[in-house]
Amino acid sequence: MTNTLDDDVIDRFKKTGALLEGHFLLSSGLHSGVYLQCAIALQSTGDAIEFGAAIAGRFRNHEVETVAAPAIGGLVIGYEVARQLGVRFIWTERDGGIMTLRRGFSLQPGERVLVVEDVITTGGSTRDTIEALRTSGGNVIGAASIIDRSGGRADVSVPRVSLATLDVVAVSAAGCESCKRGEPVVKPGSRKNNSSV
């Protein structure tokens, strides 16, 4: 694991116990020895405010009209970024496995939307959110996350920023050394995954 950006963000995750080491099944279906539990990091409103301000600061001149986040991981930080920018906040959620706008949320044609996520690994949830927003008429102008654990490799089809970048190995179950050693896998996140482990 190599830290390539903001040491302060990573230090806060470590101090709060939000950076875990072990054998984890990620929402993407991949296995990793590192897991970032943003819910633990964001239970401190002070940290949430600071992370939100840092992300909002990077988009103040982008004429953002709405911030959208994938549920559930992006809700706290997405809301805080929207609050800092003084714009509305909406979220997407999966319905039958498809990311969609629900709960009466809608977009005006061409509405400028920023997508905010807690952690990006493969970019799958962010890409699915962008697709749902575009299908609903939105103009997604960028994406942001607190941490990018892809080492900068995740492509979400729009310009993307993160407060900190880690290069953390994530592999399929078939290529997982911990699985080969018979170590039990833990799924600490919020989304159910149908992949076999």
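In which sense do β7 and β8 pair, and over how many bridges?

1. The two strands pair in the parallel sense, and eight bridges join β7 to β8. One of the residue pairs is I120 with D148, the latter being the bridge partner in β8. This note concerns a predicted model, and the points below should be read as comments on that model.

2. Strand β7 (112–120) also pairs with β4, again in the parallel sense, here over three bridges. V67 has L114 of β7 as its bridge partner. As for burial, eight of the nine residues of β7 are buried, so the strand is largely enclosed by the rest of the structure.

3. Helix α4 spans residues 75–85, and its buried residues are I77, G78, E80, V81, A82 and L85. An α-helix has 3.6 residues a turn, so residues three or four places apart point the same way. Just after α4 comes G86, with a positive phi of about 70°.

4. The packing of α3 on α4 can be described in some detail. Their axes come within 8 Å and cross at roughly 60°, which makes α3 oblique to α4. The crossing of these two helices is right-handed. From α3 the contact uses A48, I49, F51, G52, A53, I55 and A56, and these meet V76, I77, E80, V81, R83, Q84 and L85 of α4. By class, 10 of the contact residues are nonpolar, two are polar and two are charged.

5. V9, R12, F13 and T16 of α1 make the contact with D47, E50 and F51 of α3. Three of the residues involved are nonpolar, one is polar and three are charged.

6. Which residues of β6 lie on its covered face, and which on its uncovered one? In this strand (residues 98–101), M99 and L101 are on the covered face, while I98 and T100 are on the uncovered face. In a regular strand the side chains alternate between the two faces of the sheet. β6 pairs with β5 (residues 88–95) in the antiparallel sense over four bridges, and R94 stands opposite M99. The hairpin of β5 and β6 has two residues between the strands, and G96 takes a positive phi near 65° there.

7. A separate item is the open sheet of three strands, in the order β2-β3-β10 and with antiparallel pairing. Its edge strands are β2 (19–25) and β10 (170–171), each of which pairs on one side only. Strand β3 (residues 31–36) is joined to β10 in the antiparallel sense over two bridges. H31 has V171 of β10 as its bridge partner.

8. Is V158 buried or exposed? Its relative accessibility is 12%; the cut-off for burial is under 20%, so V158 counts as buried. V158 is in the loop between β8 (139–148) and β9 (160–167). Leaving aside residues up to four places away in sequence, V158 touches I130, R134, V140, G142 and A143. V140, G142 and A143 fall within the range of β8. I130 and R134 fall within helix α5 (residues 124–135). From T45, V158 is 113 residues away in sequence and 29 Å away in space, C-alpha to C-alpha.

9. E131 is also found in helix α5. This residue has a relative accessible area of 53% and is therefore exposed. E131 and G52 are 79 residues apart along the chain, and their C-alpha atoms are separated by 24 Å.

Methods: Residues are numbered from 1 along each chain as its sequence is written. This is a predicted model: local features need pLDDT of at least 70, side-chain atom pairs count only at pLDDT 80 or more; totals for chains, interfaces and linings use all residues. Side-chain values use heavy atoms; hydrogens and water are left out. Contact means heavy atoms within 4.5 Å. Ala, Val, Leu, Ile, Met, Phe, Trp, Tyr, Cys and Pro count as nonpolar, Asp, Glu, Lys and Arg as charged, and the others, Gly among them, as polar. Two strands pair if DSSP finds at least two bridges between them. Buried means under 20% relative accessible area, exposed over 50%, partly exposed in between (1.4 Å probe, protein chains only). Axes are lines fitted to C-alpha atoms, for helices over the stretch in contact, and angles run from 0 to 180 degrees between N-to-C directions. Angles under 35 degrees count as roughly parallel, over 145 as roughly antiparallel, 65 to 115 as roughly perpendicular and the rest as oblique. A crossing is left-handed if the near helix is turned anticlockwise from the far one by less than a right angle, and right-handed if clockwise.
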